[in-house]
Amino acid sequence: MAENVTIIGSGPAGLTAALYTARANLNPLLISGNEFGGQIALTNEVENYPGFPDGITGPELTELMKQQAEKFGARFESDHVSRVDLQTHPFVLETENGARHETNSVVIATGASPRRLGVPGEIELTGRGVSYCATCDGFFFRGKKVAVIGGGDSALQEGLFLTRFAAQVYVVHRRNQLRAQPILQARAQENPKINFVWDSVVQDIQGDGAVSALNLVHVRTGDPSQLPVEGVFVYIGHIPNTQLFVGQLDMDDEGYLKVNERLHTKIPGVFAAGEAHDHIFKQAIVSAGFGSMAAMEVEKFLADLEHSGYPTAGKIFA
Ligand SMILES: Cc1cc2nc3c(=O)[nH]c(=O)nc-3n(C[C@H](O)[C@H](O)[C@H](O)COP(=O)(O)OP(=O)(O)OC[C@H]3O[C@@H](n4cnc5c(N)ncnc54)[C@H](O)[C@@H]3O)c2cc1C
């Protein structure tokens, strides 16, 4: 028997879609992916999610979201979707653990993954000093010098977190001004453990079994320099996790799914929510909002499906 709705991904978008579809009595199935909680579970400091005046950690926030969805009947499977067939209805989803699900509707909440620097040494030294998650790995750098690459909110937020452990945090940015919110910029500039390395890009990461230094190049003068550090935390943006849907759904040049204002993809019954399509706002609250919107559209789609059958192209999407 086909599921009513299957949600792919367990970040704020997927968890909120699970809550709303569960409260609509749709008995949703959520396939969580390899990273339960998504990107927000990578941070220790969430200060801007409404309802938590003292802040909350990302893992706590997503665990609470899960509990809330479960309370209303959402089911969770710890698995990763490896293949989808959206050309037949019910749609078919296959997973890494060998499960096969038929489903009448899908919410794609697969979010995004950290962009890599793409320099020599990065892959070889990942887990040996190169990290994309200060919350996970910051503790290992107690009393050490580390670098954070990037100039946006995540770079500064995580750089500030790292000052709890590290002796020194260098923020290496390719421009001479930051993109981060002013409140984070002010905190970083006031913090005696943070030093900025402006107008610089990483050429390669040095280390024999563990990171020992970064080779940098000044973007204007071309002058090389070396920064001795034992940790490198990379926050230079994200790539949407939409490769699964190539050839089946429309996406832009960067891989973000194309949706209409009601989050419908071009296939009736397939919706997208969160950073799989949102390349502008990239905040947990925004993804959660998209999750609720997609869930409400699922509800309407399933009601129409029950009364009128699967629509011909354009009938629901229009
Ligand atoms: C370090 C850091 C700090 C941040 N701090 C804040 C903050 O303080 N406040 C804030 O509002 N935002 C913050 N953000 C941004 C916030 O985390 C994101 O906007 C939000 O997590 C996006 O939610 P999402 O549900 O759209 O996608 P994601 O969080 O990216 O979740 C995607 C989910 O999909 C799953 N998935 C992917 N592919 C598959 C597949 N094939 N099968 C099954 N599952 C799959 C993944 O495992 C994951 O569970 C931060 C981000 C980072 C990286």
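A backbone N or O atom of Thr110 lies 3.4 Å from an oxygen atom of the ligand, a polar contact in the sense used here: a pair of N or O atoms within 3.5 Å, where pairs within protein also need one atom able to donate a hydrogen and the other able to accept it, and residues adjacent in sequence count only if both atoms are side-chain atoms. This is a predicted model, in which local features need pLDDT of at least 70 and side-chain atom pairs count only at pLDDT 80 or more, while totals for chains, interfaces and linings use all residues. Residues are numbered from 1 along each chain as its sequence is written, and side-chain values use heavy atoms, with hydrogens and water left out.

| Residue and its N or O atom | Ligand atom | Distance |
|---|---|---|
| Thr110, backbone | oxygen | 3.4 Å |
| Gln39, side chain | oxygen | 2.7 Å |
| His80, side chain | nitrogen | 3.3 Å |

On its own the ligand has 1,000 Å² of accessible area, and the protein covers 95% of this (areas come from the Shrake-Rupley method with a 1.4 Å probe; for residues, only the protein chains shown count as cover).

Let us look at the whole shell around the ligand. It holds 37 residues, and the closest are Glu35, Gln39, Glu275, Ala284 and Ser287; a residue counts as near if one of its heavy atoms lies within 4 Å. By type, the shell has twelve nonpolar, 20 polar and five charged residues. In this grouping Ala, Val, Leu, Ile, Met, Phe, Trp, Tyr, Cys and Pro are nonpolar, Asp, Glu, Lys and Arg are charged, and the others, Gly among them, are polar. At least two shell residues come from each of α1 (12-23), α4 (153-162) and α6 (284-308), and α4 gives the most, with three. Helices (H or I, at least four residues) and strands (E, at least two) are DSSP runs, numbered from the N terminus.

The ligand lies between domain 1 (6-114 + 238-308) and domain 2 (130-234), because both give residues to its shell; the domain bounds come from an automatic or database assignment.

Now for the strands, which pair if DSSP finds at least two bridges between them. β13 (residues 200-207) and β14 (residues 211-218) run antiparallel and are joined by seven bridges, with Gly207 opposite Val211 in β14. Three residues lie between the strands of this hairpin, where Gly209 takes a positive phi near 90°.

Another hairpin joins β4 to β5 through five residues. These two strands pair in the antiparallel sense over four bridges, and Asp85 stands opposite Val92 in β5. The loop between β4 (81-85) and β5 (91-95) contains Pro90, which a cis peptide bond joins to His89, with omega about 0°. Most residues other than glycine have a negative phi, and most peptide bonds are trans. Asn25 has a positive phi, near 65°, and sits in the loop between α1 and β2 (29-31).

Finally, the structure holds eleven salt bridges, each a side-chain nitrogen of Lys or Arg within 4 Å of a carboxyl oxygen of Asp or Glu. One of them is formed by Arg75 and Glu3, whose closest N and O atoms are 2.4 Å apart. This pair links distant parts of the chain, 72 residues apart: Arg75 is in strand β3 (residues 75-77), and Glu3 is in the segment before β1 (6-8).
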